[in-house]
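Here is a short report for a first look at this model. Keep the sequence and the structure open while reading.

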Amino acid sequence: MQNFPILSFITFLPLLGMVILLFIPKKNELIIKSLTLVVTSLQVIAAIVILHGYNYALGGINDPNSFQFIEKYRWIDITGFSWIGRIKVDYFLGIDGISVPLVLLTAIISFIATLSSWTINKSVKGYFAMFLLLDTGMMGVFVALDLFLFYIFWELMLLPMYFLIGIWGGPRREYAAIKFFLYTLFGSIFILIVMIALYFSTKEVLPDGSRVFTFNMLAMMNPQNYTATGILSPLNPNNLRLIAYIALFVGFAIKIPMFPFHTWLPDAHVEAPTAISVILAGVLLKMGTYGILRVCFPIFPDITRELVWYIALFGMINIIYGALCALAQKDFKKMIAYSSISHMGLVLLGMASLNAMGITGAVFQMFNHGTITAMLFLIVGVIYDRAHTRGLDDFGGLATQMPIYAGFTTLAFFAAIGLPGLSGFVSEAFVFLGAFGFGNIRVLTVISTLGILLGAGYMLWAMQRVFLGGLKEKWASLKDLTFREYAMLVPLAVIVIFLGVYPSAMLNLMNSSVNAMAKLMAGAQTVYGSLLH
Amino acid sequence: MNTNSLNYLVNSLYLIKPELAISITLVLLVLVDLIFIKNKKFLPYVSLAGLVVAGYFIIEQFSTNTFAFATNNSAGMLIVDPFGNFFKLLIVFASIALVFFSLSSKEIKESFERHGEYYTLIFGMILGMMIMVSAADLIVIYVALELVSLSSYVLAGITRQSLRNSEASLKYVIYGGISSGIMLFGISIMYGITGSTNLYEINSLIQAPQIQSLTFVLAGILIFVGIGYKISAAPFHFWTPDVYEGAPLPITAYLSIASKAAGFALLIRFIKITFMQSVDAEGFWHLLGIIDWKTFIIIISILTMTLGNFAALWQSNMKRLLAYSSIAHAGYLLLGLAVMSNEGITAILIYFIVYALMNLGAFYVVMLIANKIGSEELDDYKGLGYSSPFLGASLGIFLVSLTGLPPTAGFIGKLYIFIALVDAKMIAVAVIALLNTVVSLYYYIKVLKHLYLDKSQKEVPAFSASLGSLVMVVALVAPVLIFGVYFTPLVDLAKHSITLLGF
């Protein structure tokens with residue numbers, strides 16, 4: 001088992017599944033669905049195997065030797081006279097404490113989204129083919145360590161997502177789908193241009209001693225590898241690192257989505273089918289913050305330190321603005337969508353603290369937001385399937401009609417608010433403690449805490465409008481949860497409670513990496529400052 | 001004439017074997033057409049055989065790097081070098097595709113009788129383009145350009161079926177006539193100043209003492225106009241949408257690739273040879289400062305791609321949409337030239353291979369659909385993705401590749417252009433080009449929206465194309481996907497083809 005390429009397996013299994021699926025006649029809908037379920041279950045098992053074999057002591061981040069499950073092969077290597085057309089790309093996968101939680105999250109969410117997709121009845125084959133392609137793209141982003149590979153996976157998700165929203169979505173699906181596509185492509189062109197500029201600024205030392213331009217992210221994180229004249233090299237006095245950082249950050253921020261680039265999210269969420277909302281909120285949004293942690297922070301630690309106040313500021317705006325918008329919503333799903341924006345703001349704030357506590361909070365919040373919001377969207381899906389409406393004011397008194405459903409909703413709502421004993425509390429507490437500990441952003445942190453208050457406001461108010469009060473007559477026939485819905489909600493509920501009571505399970509996993517990141521950030525000024533002089 | 005120069009002439013004939021093969025095929029086609037009056041089936045096979053032979057000769061002498069038909073010791077009329085051979089191969093490839101396209105096109109098969117003329121004219125065009133990409137003399141360039149133009153004017157209107165067909169032909173003639181006139185004017189001025197029509201001689205004549213004359217600048221620009229019209233660069237692109245829409249689909253596809261490739265080869269050769277001062281160790285060109293080609297081409301290319309992309313947004317006819325898209329792609333390609341480095345030329349060559357594959361593919365699928373539903377209007381594409389899943393998916397892949405998203409070959413093409421730009425520190429230009437890509441996504445995805453997202457009002461007949469056509473589609477889809485993830489062979493080929501004779 002030692003040499004089994006488990007990361008390739010977990011990444012490309014869905015793609016393989018898709019290829020097989022294309023050969024199944026489209027009438028056999030059950031086989032198609034089952035195949036997808038098998039693929040995603042295998043992914044969960046693979047994720048557990050990875051977790052089992054994961055060494056908690058190794059940090060990763062910028063140290064190539066402490067990444068785990070590494071697979072590194074030469075993929076493209078064009079050599080020749082001078083360096084014209086020379087390009088070297090490695091097929092380089094590996095994980096550390098920051099990617100492990102997200103690999104796990106992706107596996108779980110994909111599995112649950114498959115269950116949630118069971119009710120899809122329009123072009124089933126196309127749906128699941130796109131779904132599996134999306135799955136490969138998501139997983140690939142979290143395991144790729146070569147920037148070129150990372151970018152390919154990043155872009156690979158766009159098209160399936162466009163179709164999944166555009167074909168199987170709600171009434172305004174076309175608008176939402178194209179908006180999502182244009183926004184994210186707009187963001188990724190910045191990633192592309194910075195990627196090429198980074199390529200020309202760093203040279204990796206090969207085993208034979210020669211130095212070549214590289215897309216290897218870990219090589220880019222080593223200040224020793226910068227060329228003297230590269231436009232993003234700190235050695236070059238006229239470097240464009242600040243501009244490149246902002247461009248890269250914007251590219252990732254669109255995915256988070258960070259204010260003011262957030263407007264695609266409510267549209268996409270409202271129009272997307274439930275399962276896709278779950279994936280969107282559960283995994284896709286995390287790619288933005290993961291990208292910042294994986295690419296922006298370790299490659300540009302010097303600039304990160306300079307701009308950290310602004311990152312925190314935008315985190316704060318996300319928290320407050322998202323919460324205020326959520327408070328104003330009359331549509332259940334839209335409210336959850338805006339609450340996502342608010343909660344992703346916490347991740348930004350936590351990262352901006354640059355200390356171990358804050359970054360732990362940020363990564364943990366990414367995982368928790370993934371599970372909790374997935375639950376919330378499933379809950380919206382349950383009621384929408386039955387009532388065909390999502391208006392918060394259309395309901396009332398459902399707690400008597402659907403008590404178990406109400407129970408799960410309460411759990412998810414409380415976890416989202418951050419009630420102690422549930423996972424959301426731990427990550428929120430870590431984020432605020434970490435951010436408060438960093439003097440520069442203390443004021444922003446204090447203002448951000450208002451977000452919790454607002455969060456409690458919109459969540460509890462929604463609770464009241466949907467579940468309390470008198471039951472409307474037309475809802476008297478609503479059934480409580482079915483077996484399939486239990487199968488989706490119970491695992492997530494267990495995770496939420498388990499990590500609330502015993503957060504160390506997750507914290508230990510990321511501990512070494514977070515410390516490595518904090519150390520890198522702390523030392524950035526000295527290391528990069530000394531380069532120029 | 002002494003024996004030496006006679007020997008030289010004979011040796012030169014060996015160097016133009018591909019051109020000879022094409023010429024002989026042309027004559028054969030006329031004969032076959034005359035002998036088998038009733039049976040036109042042989043024509044495409046004779047054409048294919050001729051093309052394969054020509055292709056073989058090109059590969060055989062791929063790395064040759066010399067003059068043919070030298071007028072004196074320093075320079076000749078034609079150049080045989082890897083750069084030219086690359087484009088000749090590309091032209092032969094596109095021509096083979098064209099023959100297959102014509103075989104499965106309903107428009108070509110049913111709407112007119114004179115297939116002999118059709119194939120003969122195509123070979124006239126091929127011959128013209130082959131000379132165009134290897135010409136070293138302004139007169140040869142002009143003659144080749146006219147040979148290509150005259151054949152394509154007729155081909156654009158050959159079916160004479162509809163008004164738009166004749167309109168295409170007429171517009172093409174008028175625009176072509178004017179721009180070749182302008183070009184000829186430029187050539188005459190250049191001859192008047194330097195006393196030579198050979199690019200290499202002109203280059204050495206203007207080196208020392210360096211020429212500084214406004215008239216010479218004018219001459220350079222006027223010649224650019226003639227070439228700019230061939231590659232449909234703005235503002236000389238106005239004929240493109242109308243001609244592309246009106247011409248029969250196989251011819252449209254062919255014009256958008258072969259004719260553009262020949263134009264680009266000519267442009268690169270013209271600028272690089274005539275104005276070259278030196279190439280530095282990193283492959284950057286240092287041109288003579290008479291004309292600021294770099295700024296000029298940057299402006300033209302930004303204009304071209306922006307205009308192409310924005311105009312394409314409003315199109316509802318597939319052919320017109322692809323016409324504007326091909327204008328936009330000419331803009332991206334010009335950026336590779338604007339870098340003024342060997343790296344930029346590598347990028348152009350890579351882009352051309354990719355562009356040929358995906359553009360041929362897109363036109364081919366559009367043609368297969370037009371064969372069945374008799375329309376190229378986007379509104380008639382509604383729901384087609386469901387009624388013919390394979391064609392829909394293939395068209396989707398070609399369009400995604402044209403947008404330049406990974407993991408398709410289109411991404412690699414764009415990537416290399418941007419790599420060249422960033423390497424030359426032309427970041428602002430790269431950003432503009434990338435923003436253009438985002439704009440282009442909107443109209444490419446609009447086609448996918450019609451294919452998959454929209455439901456048709458009327459019943460869409462389920463259909464699939466013949467087995468042969470499907471094989472052809474697969475043959476074009478497969479490399480688009482494979483080169484998207486493994487592009488080493490692509491880059492290797494391009495890298496070996498950037499050698500221009502002399503530099």
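Leaving out residues up to four places away in sequence, G336(B) touches G344(B), I345(B), I348(B) and I417(B). Contact here means heavy atoms within 4.5 Å. G336(B) sits in helix α14 (residues 318–338) of chain B. Helices (H or I, at least four residues) and strands (E, at least two) are DSSP runs, numbered from the N terminus. G336(B) counts as buried because its relative accessibility is 0%. Buried means under 20% relative accessible area, exposed means over 50%, and partly exposed lies in between (1.4 Å probe, protein chains only). One of the contacts, I348(B), is 12 residues from G336(B) in sequence; the C-alpha atoms of the two are 5.5 Å apart.

The model is predicted: local features need pLDDT of at least 70, side-chain atom pairs count only at pLDDT 80 or more, and totals for chains, interfaces and linings use all residues. Residues are numbered from 1 along each chain as its sequence is written, chains are lettered from A and ligands numbered from 1 in the order in which they are written, and side-chain values use heavy atoms, with hydrogens and water left out.

## Two serines in chain B

Where is S375(B) found? S375(B) is in the loop between α15 (342–373) and α16 (384–387) of chain B. S375(B) counts as buried because its relative accessibility is 11%. The side chain of S375(B) makes a polar contact of 2.5 Å with the side chain of D380(B). A polar contact is a pair of N or O atoms within 3.5 Å; within protein, one must be able to donate a hydrogen and the other to accept it, and residues adjacent in sequence count only if both atoms are side-chain atoms. A polar atom of the S375(B) side chain also lies 2.9 Å from the backbone nitrogen of E377(B). Neighbours within four places in sequence aside, S375(B) is in contact with A370(B), D380(B) and Y381(B).

S23(B) belongs to helix α2 (residues 17–35) of chain B. S23(B) counts as partly exposed, because its relative accessibility is 25%. S23(B) and A370(B) are 347 residues apart along the chain, and their C-alpha atoms are separated by 33 Å.

## Helix α3 and its partners in chain B

Helix α3 (residues 42–60) of chain B packs with helix α6 (residues 115–134) of chain B at an angle of about 15°, with the axes 10 Å apart. So α3(B) is roughly parallel to α6(B). Axes are lines fitted to C-alpha atoms, for helices over the stretch in contact, and angles run from 0 to 180 degrees between N-to-C directions. Angles under 35 degrees count as roughly parallel, over 145 as roughly antiparallel, 65 to 115 as roughly perpendicular and the rest as oblique. On the α3(B) side, the contact includes L43(B), P44(B) and S47(B); on the α6(B) side, it includes H115(B), G116(B) and Y119(B).

What is the angle between α3(B) and helix α4 (residues 82–104) of chain B? The two axes cross at roughly 165° and come within 10 Å. Therefore α3(B) is roughly antiparallel to α4(B). Among the residues in this contact are L48(B) and G55(B) of α3(B), with V92(B) and F100(B) of α4(B).

The table sets out the residue classes of both contacts. Ala, Val, Leu, Ile, Met, Phe, Trp, Tyr, Cys and Pro count as nonpolar, Asp, Glu, Lys and Arg as charged, and the others, Gly among them, as polar.

| Contact | Residues by class |
|---|---|
| α3(B) with α6(B) | 8 nonpolar, 3 polar and no charged residues |
| α3(B) with α4(B) | 11 nonpolar, 4 polar and 1 charged residues |

## Backbone features in chain A

A cis peptide bond joins I256(A) to P257(A), with omega about -10°. P257(A) lies in the loop between α9 (241–255) and α10 (264–271) of chain A. F259(A) and P260(A) are also joined by a cis peptide bond, with omega about 5°. P260(A) is in the loop between α9 and α10 of chain A.

F69(A) is not a glycine, yet its phi is positive, about 55°. F69(A) is in strand β1 (residues 68–78) of chain A. With a relative accessible area of 26%, F69(A) is partly exposed.
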